[in-house]
Amino acid sequence: MPRYEFRCRACGDTFEVNRSMAAAGDPASCPQGHADTVKLLSAVAVTGRGGTAGGAPAPAAGGCCGGACGC
């Protein structure tokens, strides 16, 4: 189940809530009981196999624009 991070505008506390993706936009009360909260944007990095972005294969050495032709 996804975990969403919220911040309370009243006390400044940051907390996490586990809920389904369908309920991602629902309001959440802070653990101190305040209702004025905002959902924070979390960034996630995803890399493909082999450590290249998007899973694209690494270019082979040699050949035109591979370093061997001098272009």
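**Reading the chain step by step**

Author: We can begin with the surface, where the chain exposes about 5400 Å², of which carbon and sulfur atoms supply 54%. Please keep in mind throughout that this is a predicted model.

Reader: How many helices and strands does the secondary structure of the chain come to?

Author: The chain has 0 helices and 3 strands, and from the N terminus on its elements run β-β-β.

Reader: In what order do the strands of the sheet lie, and with what pairing?

Author: The 3 strands form an open sheet with the order 2-1-3, and the pairing is antiparallel. Strand 2 (14-18) and strand 3 (37-39) are the edge strands, each of which pairs on one side only, and the twist from one strand to the next averages 35°.

Reader: How many bridges join strand 1 to strand 2, and how many join strand 1 to strand 3?

Author: Strand 1, residues 3-8, pairs with strand 2 over 5 bridges in the antiparallel sense, and R3 has N18 as its bridge partner in strand 2. Strand 1 and strand 3 also run antiparallel, joined by 3 bridges, and here R7 has V38 in strand 3 as its bridge partner.

Reader: What lies between strand 1 and strand 2 in their hairpin?

Author: The hairpin has 5 residues between these strands, and G12 takes a positive phi near 80° there.

Reader: Which residues make up the covered face of strand 1, and which the uncovered one?

Author: The general idea is that side chains in a regular strand alternate between the two faces of the sheet. In this structure, the covered face of strand 1 holds Y4, F6 and C8, while R3, E5 and R7 are on the uncovered face.

Reader: How do I decide whether F6 is buried or exposed?

Author: The general idea is to compare the relative accessible area with a cut-off, since a residue counts as buried when the value is under 20%. F6 has 3% relative accessibility and therefore counts as buried, and F15, with a relative accessible area of 8%, is buried as well. Over the chain, which has 71 residues, buried residues make up 17%.

Reader: How many aromatic pairs does a search of the whole structure find, and how are the rings of F6 and F15 arranged?

Author: The search finds 1 aromatic pair. The ring centres of F6 and F15 are 5.8 Å apart and their planes meet at 15°, so this pair is stacked, given that planes under 30 degrees apart count as stacked.

Reader: Where is T37 placed, and which residues is T37 in contact with once its neighbours within four places in sequence are left aside?

Author: T37 belongs to strand 3 and is buried, with a relative accessible area of 17%. Leaving aside neighbours within four places in sequence, its contacts are F6, R7, C8, R9, F15, A28, S29 and C30. For A28 there is a further detail, as the side chain of T37 reaches the backbone oxygen of A28 at 2.5 Å. T37 and C11 are 26 residues apart along the chain, and their C-alpha atoms are separated by 9.6 Å.

Reader: What share of the contacts in the chain with a separation of 6 or more comes from residues 24 or more positions apart?

Author: Such residues account for 27% of those contacts.

Reader: Is M1, by its relative accessible area, buried or exposed?

Author: M1 is found in the segment before strand 1, and M1 is exposed, with a relative accessible area of 75%. Leaving aside neighbours within four places in sequence, M1 is in contact with N18, R19 and S20. From M1 to N18 there are 17 residues in sequence, and the distance in space is 6.3 Å, C-alpha to C-alpha.

Notes. Residues are numbered from 1 along each chain as its sequence is written. This is a predicted model: local features need pLDDT of at least 70, side-chain atom pairs count only at pLDDT 80 or more; totals for chains, interfaces and linings use all residues. Side-chain values use heavy atoms; hydrogens and water are left out. Two strands pair if DSSP finds at least two bridges between them. Helices (H or I, at least four residues) and strands (E, at least two) are DSSP runs, numbered from the N terminus. Axes are lines fitted to C-alpha atoms, for helices over the stretch in contact, and angles run from 0 to 180 degrees between N-to-C directions. Rings of Phe, Tyr and Trp (its six-membered ring) pair if their centres lie within 6.5 Å; planes under 30 degrees apart count as stacked, over 60 as edge-to-face and the rest as tilted. Buried means under 20% relative accessible area, exposed over 50%, partly exposed in between (1.4 Å probe, protein chains only). Contact means heavy atoms within 4.5 Å. Accessible areas come from the Shrake-Rupley method with a 1.4 Å probe; for residues, only the protein chains shown count as cover. A polar contact is a pair of N or O atoms within 3.5 Å; within protein, one must be able to donate a hydrogen and the other to accept it, and residues adjacent in sequence count only if both atoms are side-chain atoms.
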